[in-house]
Structure formats: structure tokens, C-alpha cells
Amino acid sequence: MKRMILVTVLGFSGAVLAEGGMLQESCAACHNIKGPATQTLKAAFEKKGPALFYAGNKYRQEWLVSWLQKPSRIRPAGMYYGGHIKPGPKGDEIDTSTLTDHIALSKADATSVAAELMKLKPHNDLIAKEKIESGTISKQMGEMAFNKFLGCMACHLIEPEYGGVSGPELYTAAKRLQPQYIVSFIRSPQAWEPKSMMPNKNLSEVNIQKMVHYLETLSKEATNGH
Amino acid sequence: MATKLVFLLLLTAFSVQAQAKETPADNYKAYCVQCHGSEGTGKGVNVRDMSVVPRDHTDAKSMSGRSDETLFKAIKEGGPSIDKSILMPPWGSTLSDEEINDLVQHLRMLCKCKFG
């Protein structure tokens with residue numbers, strides 16, 4: 001009897017997934033999967049996870065498959081950060097008791113959800129505008145450019161234990177994100193999310209391209225370190 | 001003609017909605033608190049590794065040394081525009097001039113001070 005129920009449940013979940021049902025049923029509780037982007041701060045404060053309605057323009061599919069099976073926190077102070085801080089003796093600190101973990105999916109579910117997410121590409125126009133120039137930059141040069149001269153570390157961790165915590169960690173960005181998305185988002189965060197916490201720093205084309213190379217350097221180092 | 005008018009009205013209504021102004025308190029909460037702290041004292045959740053400590057917005061002495069124009073410029077164009085830290089980014093693509101003016105007034109409320 002138990003086996004029959006299990007088979008029925010599995011069969012059902014397969015059918016639901018095939019129609020992208022898990023996105024509607026489970027993911028939509030915390031993620032914006034239909035768009036449009038958040039238009040007001042009141043709505044931004046309520047966000048529980050990143051918008052996924054342009055996931056196919058943003059993420060690397062292989063990373064999604066792997067992360068969904070073994071999710072780890074990317075934004076140390078959660079989303080939105082202001083809902084997860086408390087006053088401490090030295091100033092604001094992360095209130096970990098308010099953070100919740102992302103559910104882990106089976107390999108089959110992760111593969112199928114990632115495939116569904118990759119179909120969501122409403123911003124092909126923004127992606128098509130971007131070209132990636134090949135190149136490399138040493139970690140040292142990148143650090144000089146992007147932390148001393150541009151200040152990314154104010155809000156982002158550039159190493160597991162170094163940098164700000166309100167934004168997503170940068171040392172895994174190139175593993176997670178498509179390079180054209182990185183370029184487009186740095187060029188104009190507001191084109192993707194009008195209420196993004198990320199400012200437009202008006203970087204030159206050369207610096208945007210260097211930034212991608214630096215993120216690739218950081219991600220490779222993070223991979224080697226694990 | 002009537003159709004055109006309706007279209008124009010709709011367009012106006014939409015663009016006003018798209019540029020709906022946020023309150024200075026919400027803008028402060030969204031963009032400033034991460035570094036300047038929930039109390040505005042410069043002790044935000046991001047400051048641990050910073051080489052330059054963010055401004056304490058409740059410090060009447062230092063805040064009264066900055067004109068409204070200087071504060072406006074710092075918010076819109078970033079720290080380096082007033083010879084301050086790169087860690088303060090430019091918010092000119094995030095906030096409208098009107099919202100930045102409102103934020104300047106919000107800072108005056110936090111410091112309980114005026115310029116001069």
C-alpha cells in the first residue's frame with residue numbers, strides 16, 4: 001500500500017514538474033516568477049528571495065542544478081537585509097534567528113526546475129546588447145581596482161570573511177551568473193530591478209569588462225579553495 | 001481624437017506611477033541603513049571591514065559643517081564628488097533629485113541641525 005502511494009506521489013510530482021508546476025506551487029511562495037520587477041520599496045522590503053522571472057537570462061544552468069540540491073546562503077544578511085539585522089554592542093549585526101534556509105531538491109527535481117527556470121528569458125534584449133571581451137586580471141590588480149577604487153566590498157563579501165554583507169557574495173558570482181548578465185547588471189542595475197539595492201556606479205566599459213575578469217578570478221580561487 | 005486622448009491619459013497615469021516617489025524614511029531604510037546603521041550612527045551591518053567609517057548622521061557637530069548642496073551632491077554623485085570615500089556610492093540612478101532633496105531634509109532631522 002505504502003509503495004503504491006509512493007508511486008502515485010512520484011508519478012504526480014513528475015507530471016507536475018513537467019508542466020513547470022513546482023515553480024508555480026512552491027517557488028512562487030518566495031520568488032517573483034512571473035514579473036514584472038518590484039516597483040516599490042514597500043514591496044522590495046517584503047522580498048524573501050531574488051526574482052526568478054528572468055532566471056534564464058541570469059543564472060548558469062549547471063550552477064542552478066547543483067545549488068538547488070545543496071543550497072547555501074548567498075546573501076549573508078538575507079533578503080531584504082533590513083529585515084534581518086538587530087542592534088548589537090558595536091552596531092548593527094545580522095540576526096541569524098530570522099534567516100531561513102532554502103529547501104534542498106532531489107537531483108531529478110533540481111534538474112527539472114533548473115530547466116524550467118532557464119526558459120524564463122524576458123530580457124534577451126538587454127543580454128543581446130552585451131559582449132564579453134576575453135581577458136584576465138590578477139587577484140591583486142582586481143582588488144586594487146574594485147575595492148580601493150570602486151568600493152564593491154562596502155556591500156559585498158569578496159572573500160568568505162572579507163567585505164560587506166548586505167549584498168550577495170561576489171566570490172561565487174561568476175560561477176552563478178552568466179557573464180552577459182553580470183555586465184548588463186553592473187551597467188544598469190535599475191534596468192533589471194528598478195528598486196535594486198545596487199547603485200549604478202557609472203563604470204567605464206573597460207572597467208565593466210575588467211570586473212567580469214576579476215569575478216572569474218575570484219570564483220576560480222573559491223573553487224580551488226574548496 | 002478621443003482614443004488618442006485616452007491613450008495620452010493612460011500614458012501619463014502610467015509614467016507617474018512608474019516614477020512614484022518613495023518616502024525619505026523608506027529610502028533611508030533601503031539604501032543608507034546598510035552602512036550608516038539603523039540608528040543613523042554610522043554603525044551599519046556592513047562596516048566591519050571598511051577602511052573609512054561611515055558618517056554618523058546624528059552627529060550635529062560634523063553634520064552642521066556640510067551644506068544641503070554638499071549633502072545632495074554626496075548622495076547623488078558619491079563620496080569622491082566631495083573628496084570623501086569611494087565606499088559611499090552615487091545614488092543618482094536610484095533616486096530622483098526630489099527624493100535626494102527629501103533625504104537631505106531627513107538627515108537634518110536625524111542630526112537635529114542646520115548648516116553653519
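This is a predicted model: local features need pLDDT of at least 70, side-chain atom pairs count only at pLDDT 80 or more; totals for chains, interfaces and linings use all residues.

Trainee: Why is the pairing of Lys195(A) and Glu22(B) called a salt bridge?

Mentor: The side chains of Lys195(A) and Glu22(B) meet with 3.1 Å from N to O, and because the rule asks for a side-chain nitrogen of Lys or Arg within 4 Å of a carboxyl oxygen of Asp or Glu, the pair qualifies as a salt bridge. Across the interface of chain B and chain A the rule finds three salt bridges, and it also finds 16 residue pairs in polar contact, with both residues at pLDDT 80 or more.

Trainee: How do you know how many residues of chain B are in contact with chain A?

Mentor: Contact means heavy atoms within 4.5 Å, and by that criterion 24 residues of chain B are in contact with 36 residues of chain A. The area buried between the two chains is about 2,600 Å², of which carbon and sulfur atoms give 52%. Val45(B), Asp49(B) and Ile86(B) supply 21% of what chain B buries against chain A, more than any other three residues.

Trainee: What makes His36(B) and Met88(B) part of the lining of the second largest pocket?

Mentor: Lining residues have an atom within 4 Å of a pocket point, and His36(B) and Met88(B) are among the 28 residues that line this pocket, both being listed with those nearest its centre. The pocket has a volume of about 540 Å³, and α2(B) gives the most to its lining, with five residues.

Key. Residues are numbered from 1 along each chain as its sequence is written. Chains are lettered from A and ligands numbered from 1 in the order in which they are written. Side-chain values use heavy atoms; hydrogens and water are left out. On a 1 Å grid over the protein atoms alone, a cavity is a set of points where a 1.4 Å probe fits but cannot get out, and a pocket is an open set with protein on both sides within 12 Å along at least five of seven lines; lining residues have an atom within 4 Å of a point. Grid points are joined across faces, edges and corners, and a volume is the space filled by probe spheres set on the points. Helices (H or I, at least four residues) and strands (E, at least two) are DSSP runs, numbered from the N terminus. Buried area is the accessible area (1.4 Å probe) that two parts lose on being put together, summed over both. A polar contact is a pair of N or O atoms within 3.5 Å; within protein, one must be able to donate a hydrogen and the other to accept it, and residues adjacent in sequence count only if both atoms are side-chain atoms.
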